Amino acid sequence: MKTPATDCQPSLRDRARHSLRHFLADFTQLEREYPHTYPKSILRAEGAYVYDEAGHRLLDAGTHLGACQIGHGSAEVAERIARQVKRLEFIALDGGISHPYAVALAQRLAGMVLCDDPIFSFTNSGSESNELAFKIARQYHRRRGQPQRVKILSRVGSYHGSTYAAAAATGVAAFKEGFGPLPEGFIQGAQPSPGRCGQCGPSDACSMACFDAFSRTVENEGPATVAAIIAEPVAIPQAVKVPHPEYFTRLRKFCDHHGILLIIDEVVCGFGRTGKMFGAEHFGVRGDIVTYAKGLTSGYVPMGAVAVSRRVEEVFKDSPLLHLNTYAGHPVACEAAMAVLDITERDGLVAHAARMQAVLRRELERMQASVPRVRHLCVIGLLSSTLADISDQADPDATVRKVRKLAYDHGLLVRISRDGALLGAHFYPPLVVSEADIVSGVKALGQALEAI
């Protein structure tokens, strides 16, 4: 008698562990704590939910990494992508060749983004967008006769990507350690977040001392050596950090005074996540260079973008920037982006995210009232974080894995991480999420935290 293939062949779980690198997963520990459980396999998705190999339904409130605005499984996007593949699946923007799909997307974005009379470059990711932004900023000053302007200033507690220059700009040590020398000239200053800025306590109102500390960092480095400052409208590593309403006004004036370019990183905040189309709209700030990804195509096809103001672009008019990206302006990605923008506008998803902010805050505050170890929460649009005290835990990393597993068991995919003695839960579902989805999702998170 033949032995069934399932008896002699490795399982999907075993094959996934053996053949595929999964980031931020310690499978040795997971196998020890939860034998024959990880990795979980997601087979399909629809709207705000995904379904695993066992048919388990989960609210996707974070595992999309901020790249799911319009929800999963849109037939409209799929059909438009398929039509584009049949028309023109790929051509590079190289050697004088263009195509109308990238032109149409650039023109549409130009009427939306917070950048003056922008010209666009397209990329494949947020990391690539920021890498290109740094190259543009340094070349801009060199071409204007200031080659000493090479430094890029960012903030502690920021995230700008995992490629080498983007990692150097990222203000989280864990993303830098053990990779050898990173590119020079990347310096971090104070983050606008009470309790993390080194100026105000966690329960204090922001005094803007963080901005004064950041400006002193620039002064100490020498403003004439600084090419650009890069800042997310709302930074999210460790916790969601919403700056003081006047922070970006002062930062914009500071950059203008010193001839420093301001790079706004909208990779996570852009395309409705914060309840406005772009995070910078909350603060009335325009960037000299603005970077995008994630929500641009809602994750249906990888794509990023860099908007450069015409004032900055002027120095490249007679001699183009020497930069090459094979898949820049990929026709299929362009069509995916246009479809996502159509759906976002037609279905009012940005306004919906703004309305759901109150619901999400209400539910998180209810959870905070019932789970004593929850210390802080922050909400803007459909982007939120909760911080819980796990200082009493003998193995805090095991606690992180436990909460993640318990949330999953209760039907929730949520970003769980550790910052010292605090456990952070980032809850940011697709913009199509309903009030009932938020209620049940936050309840699941509360149940996971209560079980610690």
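1. Helix 4 passes helix 11 in a right-handed crossing. This is a predicted model. Helix 4 covers residues 75–87 and helix 11 covers residues 331–346. Their packing angle is about 150°, and the axes are 9 Å apart. That makes helix 4 roughly antiparallel to helix 11, because angles over 145 degrees count as such.

2. A further helix pair joins helix 12 (residues 349–370) and helix 14 (residues 435–450). The axes lie 10 Å apart and meet at an angle of about 25°. Angles under 35 degrees count as roughly parallel, and helix 12 and helix 14 are therefore roughly parallel to each other. The crossing of helix 12 and helix 14 is right-handed.

3. Strand 9 spans residues 289–292, and strand 10 spans residues 304–308. The two pair in the antiparallel sense, over four bridges. Which residue of strand 10 is the bridge partner of Ile289? Val308 is that partner.

4. Aromatic contacts come next. The count of aromatic pairs comes to twelve. In one of them, the ring centres of Phe271 and Phe278 are 5.1 Å apart. Their planes stand at 70°, so the pair is edge-to-face; the cut-off for that class is over 60 degrees. Are these two residues buried or exposed? Both Phe271 and Phe278 are buried.

5. Ring pairs also build a cluster. Its members are Phe211, Tyr247, Phe248, Phe254 and Phe283.

6. Two tyrosine rings carry a charge over the face. Lys40 lies over the face of Tyr38, at 5.6 Å from the ring centre. The charged end of Arg44 sits over the ring of Tyr51. Here the distance to the ring centre is 4.0 Å. Both contacts count because the charged atom is within 6 Å of the ring centre and within 35 degrees of the ring normal.

Key. Residues are numbered from 1 along each chain as its sequence is written. This is a predicted model: local features need pLDDT of at least 70, side-chain atom pairs count only at pLDDT 80 or more; totals for chains, interfaces and linings use all residues. Side-chain values use heavy atoms; hydrogens and water are left out. Two strands pair if DSSP finds at least two bridges between them. Rings of Phe, Tyr and Trp (its six-membered ring) pair if their centres lie within 6.5 Å; planes under 30 degrees apart count as stacked, over 60 as edge-to-face and the rest as tilted. Buried means under 20% relative accessible area, exposed over 50%, partly exposed in between (1.4 Å probe, protein chains only). Axes are lines fitted to C-alpha atoms, for helices over the stretch in contact, and angles run from 0 to 180 degrees between N-to-C directions. Angles under 35 degrees count as roughly parallel, over 145 as roughly antiparallel, 65 to 115 as roughly perpendicular and the rest as oblique. A crossing is left-handed if the near helix is turned anticlockwise from the far one by less than a right angle, and right-handed if clockwise.
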